[in-house]
Amino acid sequence: MLDSQATTSRADGGGDASEPRGWRMVPSGPGLGTLVFVAIAMATVLAGGPYALYTGTLICIYAIVTVSQEWILGRAGLVSLGSAAIMAIGAYTTARLSETSWGLFPVPLLVSFVFGGIVGLLIGVPGLRFKGLYLMLTTLALQFIVMFAGQKYQGVEHEAGFLVTPPTWGSLPLNTPKALFIITAVVLGLVLFALSGIYRGVPGRVWNAMRQDEAAASVLGAHLVRWKLAAFIGSSAITAVGGSLYAYQAGQVSYNSFSLELSLTLLVMVFIGGLGTLAGPVIGAAVIVLLPILLDDLADAFAGLPDVANWLFINQATLANGLYGLLLLLVLLFERDGIFGLGRRLGRGALGMGRRLTTTRGEN
Amino acid sequence: MSEARLDVAGVVVAFGGLKAVDDVSFVVAPGETFGIIGPNGAGKTTLLNAVSGLVPLQQGTVRLDGAELHGLRPDQRTARGVSRTFQAAEVFNEFRVRDYVSLGRLSGQRQSVVGAALRLPGIIRAERAERADVERLLATYGLSHIADEVLRELPYGVRKLVDILRALFGRPLVLLLDEPTSGTATSDRVALREVLQQAGQDGLTTVVVDHDVQFVSDLCDRLLVVDFGQELGTGAPAEVLARADVRAAYVGAE
Ligand SMILES: Nc1ncnc2c1ncn2[C@@H]1O[C@H](COP(=O)(O)OP(=O)(O)OP(=O)(O)O)[C@@H](O)[C@H]1O
Ligand SMILES: [Mg+2]
């Protein structure tokens, strides 16, 4: 009834209102700046040697995982401690399938996606029926179970883990550094494409409402359990794909690569990168991969002072953890939107200043 | 009163030892605008929460068109046509106006995560049609210019109006309003009354909780007065407000 009377007003009255105002950031879709940045990053990695390709691949893999974890943490407002365990499920699936007739790429990737989703469903149903800490506890349990089961599964014969048969298409090897980088970058691109569609549509708005006020969101019409479950299943499926790609890159899968510590690191990186955007967790993933490398370089830089270099070398892991902690504290205290939020604010500040400088006169 | 749209009978809601709503009954006919008044803490919001399904009932029933709502979640009640606004305008501060209003039709929407991920044509088309409906609704109430504003940055009264438009956007059978005038300017109240009178003429059944007795009396056919969770009386505004106990409990406390 409201619509019929509404049609009598100007037909496209909303047209001018929907026009973005010049410099203002449009929240949906990647901007030109992002595209240029991505193109430059891709070109740099592709032009680099095997080490650059290796690093780039690792960043893409972790980004697939952090982006999917941000889905549950930043959108649905849920905490999961089991991301490494779900990666492990994708990784084991890939290792075991790779040597069978199901090993044809990308079949293991797709199977990992499905298995991840199923595990998400099995863990999510008991974890999400109740409010609060339940999901955190069930995912923690999953983490312990997967570590234990992985160790038993590997047994003594496979103590060092399962080997992954390298993927090929006929005579074309897919596990060269360049091929792996392109594959992971494409998968990451697909994941970002899918998630941006989800977030800009109705589902994104529903999770946003649930994060602001759960009870009120249910009054708006959101079936809370179903929406949380959807986020958790989807994110688990994608995380398992990350684990699958991890297996291809590492060439070997062992339970101790997927410890609780990795889950926690990934969680911290999602925070550090910034919640509420897709770029934030990608930045977080880059930090996970690049920070230890930078610390290595730092040790090299002190080659003239063997004591210092040695100390840096020995304490690298501790130092990295310390820096993660420090970054997390800084984010929590000063920049709730993470590194990406900080960058965006600086960018906006600069744009605003530029705008003021260019339009000091002739304002209407 | 077999044709009641909303029938609330003998409802008791307790928090621990406190009976926030203590045996309250009222009936609202289709198309009626019904008012609930009472001092702070009388249990008005809790009564609306009981209808929306946000709090469990210790006793009593809530019926919509004769059908018992017991056991239905809030989202299921919304899907059946019970919509409401929130007393605090800051509940959903982070939305842009157009996004928030579109959430009013969440119950009727196709909500496919996979469809959104793959940008299926059907989903995109539905979304686009809905956007156009939101634009039209905002234009009708002269609010097109704030469609892109974030709610946090708008005056309190405008936020409350946007919340009502969100609720109306879902074409509810029954609209529950929790203090639409609180924190609003006099000019906002005039606009508000026009919106509600128009909705009433279009056949909407409305329950209005408010502290502005004048506003409620002008708008409503009948009033319920509650105090300490209990009913003091129901009837035509002039008649109810003339009662000595109502004056003592409510008007005296103002
Ligand atoms: N979730 C809750 N838990 C415990 N007590 C509650 C809860 N909700 C409301 N109450 C209590 O129930 C009583 C009624 O509260 P309610 O919010 O329904 O009053 P109200 O009439 O809406 O008041 P106001 O005019 O201030 O909005 C109050 O004493 C309040 O403290
Ligand atoms: Mg109240």
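Guide: Contact here means that heavy atoms lie within 4.5 Å, and by that rule 47 residues of chain B are in contact with 43 residues of chain A. The model is a predicted one, in which local features need pLDDT of at least 70 and side-chain atom pairs count only at pLDDT 80 or more, while totals for chains, interfaces and linings use all residues. Residues are numbered from 1 along each chain as its sequence is written, chains are lettered from A and ligands numbered from 1 in the order in which they are written, and side-chain values use heavy atoms, with hydrogens and water left out.

The size of an interface is often given as the accessible area lost when the parts come together. Buried area is accordingly the accessible area, taken with a 1.4 Å probe, that two parts lose on being put together, summed over both. For chain B and chain A this comes to about 3,900 Å², with 59% of it on carbon and sulfur atoms. On the side of chain B, the residues that lose the most area to chain A are Val113(B), Arg119(B) and Arg136(B), which together account for 15% of what that side buries.

A salt bridge is a side-chain nitrogen of Lys or Arg within 4 Å of a carboxyl oxygen of Asp or Glu, and the rule finds three of them across the interface of chain B and chain A. Glu127(B) forms a salt bridge with Arg205(A), and their closest N and O atoms are 2.6 Å apart. A polar contact is a pair of N or O atoms within 3.5 Å; within protein, one must be able to donate a hydrogen and the other to accept it, and residues adjacent in sequence count only if both atoms are side-chain atoms. Between chain B and chain A, 10 residue pairs are in polar contact, both residues being at pLDDT 80 or more.

The helices α2 (74-79), α3 (97-102), α4 (113-118), α5 (121-140) and α6 (156-169) of chain B each supply at least two residues of the side that touches chain A. The largest share of that side, nine residues, comes from α5(B). Sorted by class, the side of chain B that touches chain A has 17 nonpolar, 11 polar and 19 charged residues, where Ala, Val, Leu, Ile, Met, Phe, Trp, Tyr, Cys and Pro count as nonpolar, Asp, Glu, Lys and Arg as charged, and the others, Gly among them, as polar.

To describe them, buried means under 20% relative accessible area, exposed over 50%, and partly exposed in between, with a 1.4 Å probe and protein chains only. Asp163(B) forms a salt bridge with Arg166(B), with the closest N and O atoms 2.7 Å apart. Both residues lie in helix α6 of chain B, three residues apart, about one turn of the helix, and both Asp163(B) and Arg166(B) are buried. Another salt bridge joins Arg73(B) to Asp75(B), with the closest N and O atoms 3.0 Å apart. Arg73(B) counts as partly exposed because its relative accessibility is 33%, whereas Asp75(B), with a relative accessible area of 8%, is buried. Beyond these pairs, a network of salt bridges links Arg96(B), Arg98(B), Asp99(B), Arg131(B), Glu135(B) and Asp148(B). Over all chains, a search of the whole structure finds 21 salt bridges.

Finally, a few words on the partner chain. Chain A has 16 helices and four strands, and buried residues make up 46% of its 364 residues. Among contacts in chain A with a separation of 6 or more, 78% are between residues 24 or more positions apart. One example of a residue in chain A is Leu58(A), found in helix α4 (residues 50-75), which counts as buried because its relative accessibility is 13%. Leaving aside its neighbours within four places in sequence, Leu58(A) is in contact with Gln249(A) and Val289(A).
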